[in-house]
Amino acid sequence: MISVAQAKGIILKNYAPKSREYLPLELLNKRILAQNLVSPINHPSFDQSAVDGYAFNFKRLINNNLKLSIIGEIQAGGHTGIKVVPGKCVRIFTGAPIPAGTDTVVMQEDVITEGNSIITGNNNLKKGANVRLAGEQIKKGRTSLARGTELNPAAIGFLASLGIEKARVSKLPEVRTIITGNEFSGNEKELKKGRIFESNGKMLHAMLLQMGISAQYEVCGDALSSLSEMVKLLSKQSDILLLTGGVSVGDYDFTEKALKNNGFKIIFHKVNQKPGKPLLFAKKGSKAAFGLPGNPRAVYVCFYQYVYPYIRSTMGANAPFLKFINLPLAHDYSKNNDKKVHFIDAIIKNGCVELMNKQSSHMLKSAAEADGLAEVPEAKKHLSKGDLVKLHLNPVL
């Protein structure tokens, strides 16, 4: 059995990077840049007004109470050859270019209008106020977004504002999932006969979809021959194979054998953690397989601690793991005399981490309501109120 840190180090040393593709912006949400993108323009590309108001030359503002004559108007997207001389101003709107001879904009709420003139009344106005300078956000030739950056809607909007229409990104890995077990039911009547509703497949499908990966799952009964055949078929179709259940040492746990029957080498099996101790990681050339436990919460924990960063590494992410913060614990916590890393569903409340109740390995309600997973190190038997705890934050939808 290896440590959590060792397991994470191993998967990062064994990922196979994906090739690249060039795609339009509208297809790039959740994708990871495979190039440094350089800005082709200054942004803003011209000095512009940040508010609706009046543009003028600050040198002519005496005691912040000067009457200025209005000599024109500029709308967003408009252009004028007007040069504003001292004692004059121009009505201007948000996003409109600043006319020659001006350097400051006063908000329309801070003036008094008298016919075709204004009187400024903002005693706090400073030179350059309410003006967005050319290149203020980014200058031409500078890196707009770096290789390894995950693109989100804000990033896509930013690139579009620079006139960038396409980008090179890493391809998405092909993922296939096998849910093992004889216990799954399709209707409520069978629940009384020892059956359960299948949940791992649907949960993993949702987790992968959240990463931009569409991956269907198959259910396979607890038989070595049928599981070996399914592994053979789906491993040919995938870069990453996920299997849930069958990774312990029971009479019907066939995941390790089925992987070995298909030429996979077991890299590690069992990690010193709770839940998710039976986790298995295997490789076959550039292909990877994860044997996840069968209990749903253990699947949830292992996916986000190991599968998630592995997938993001194949896609070239600079920061493949979940984001985390260190916050004080809201109450005492003690382990039951074990030396495992504990991953515990938790919420953030009043700036502290509050560990949630009822979170055995077969339970998902706490995970559904949590802000993230608190990590209690293996060396810690007891945490006191106020001790800092590492909280792995759930991915943003």
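Residues are numbered from 1 along each chain as its sequence is written, and side-chain values use heavy atoms, with hydrogens and water left out. Because this is a predicted model, local features need pLDDT of at least 70 and side-chain atom pairs count only at pLDDT 80 or more, whereas totals for chains, interfaces and linings use all residues.

**View 1. Overall outline of the protein.**
The secondary structure comes to 7 helices and 28 strands, where helices (H or I, at least four residues) and strands (E, at least two) are DSSP runs numbered from the N terminus. The radius of gyration is 30 Å, well over the 21 Å that the globule rule gives for 397 residues, so the protein is more spread out than a compact globule; the radius is taken over C-alpha atoms, and the rule is 2.2 Å times the number of residues to the power 0.38. Along its principal axes, the C-alpha trace spans about 90 × 50 × 45 Å.

Strand 18 pairs with strand 20 (residues 280-284) in the antiparallel sense over 4 bridges, and His269 stands opposite Leu280 in strand 20.

**View 2. The open sheet with the order 7-4-6-5-9-8.**
This open sheet has 6 strands, and its pairing is mixed. Strand 7 (104-107) and strand 8 (111-114) are its edge strands, each with a single partner strand, so one side of each is left without a neighbour in the sheet. Neighbouring strands are turned by 40° against each other on average, direction ignored. Strand 4 (residues 53-56) runs antiparallel to strand 6 (residues 88-92), with 3 bridges between them, and Ala55 has Val90 of strand 6 as its bridge partner. Strand 5 and strand 6 pair instead in the parallel sense, over 4 bridges, with Ile74 bridged to Ile92 in strand 6. Strand 5 (residues 67-74) is also joined to strand 9 (residues 117-120) by 3 bridges in the antiparallel sense, and there Leu68 stands opposite Ile118.

**View 3. Strand 28 and its antiparallel pairings.**
Strand 22 (residues 324-328) is joined to strand 28 (residues 388-393) by 5 bridges, and in strand 28 the bridge partner of Phe324 is His392. Strand 26 (residues 372-376) runs antiparallel to strand 28 and is joined to it by 4 bridges, with Ala374 bridged to Leu391.

**View 4. The largest pocket.**
This pocket has a volume of about 680 Å³. On a 1 Å grid over the protein atoms alone, a pocket is an open set of points with protein on both sides within 12 Å along at least five of seven lines, a cavity is a set where a 1.4 Å probe fits but cannot get out, and lining residues have an atom within 4 Å of a point. Grid points are joined across faces, edges and corners, and a volume is the space filled by probe spheres set on the points. The pocket is lined by 24 residues, of which Glu150, Tyr308, Arg312, Lys323 and Val396 lie nearest its centre. The lining divides into 13 nonpolar, 7 polar and 4 charged residues, where Ala, Val, Leu, Ile, Met, Phe, Trp, Tyr, Cys and Pro count as nonpolar, Asp, Glu, Lys and Arg as charged, and the others, Gly among them, as polar.

**View 5. The second largest pocket.**
About 450 Å³ of space lies in this pocket, and of its 29 lining residues the closest to the centre are Glu183, Asn200, Pro293, Gly294 and Asn295. Strand 13, strand 15 (196-197) and helix 6 each supply at least two residues of the lining.

Notes: Pairing = 2+ DSSP bridges. Axes fitted to C-alpha atoms, helices over the stretch in contact; angles between N-to-C directions.
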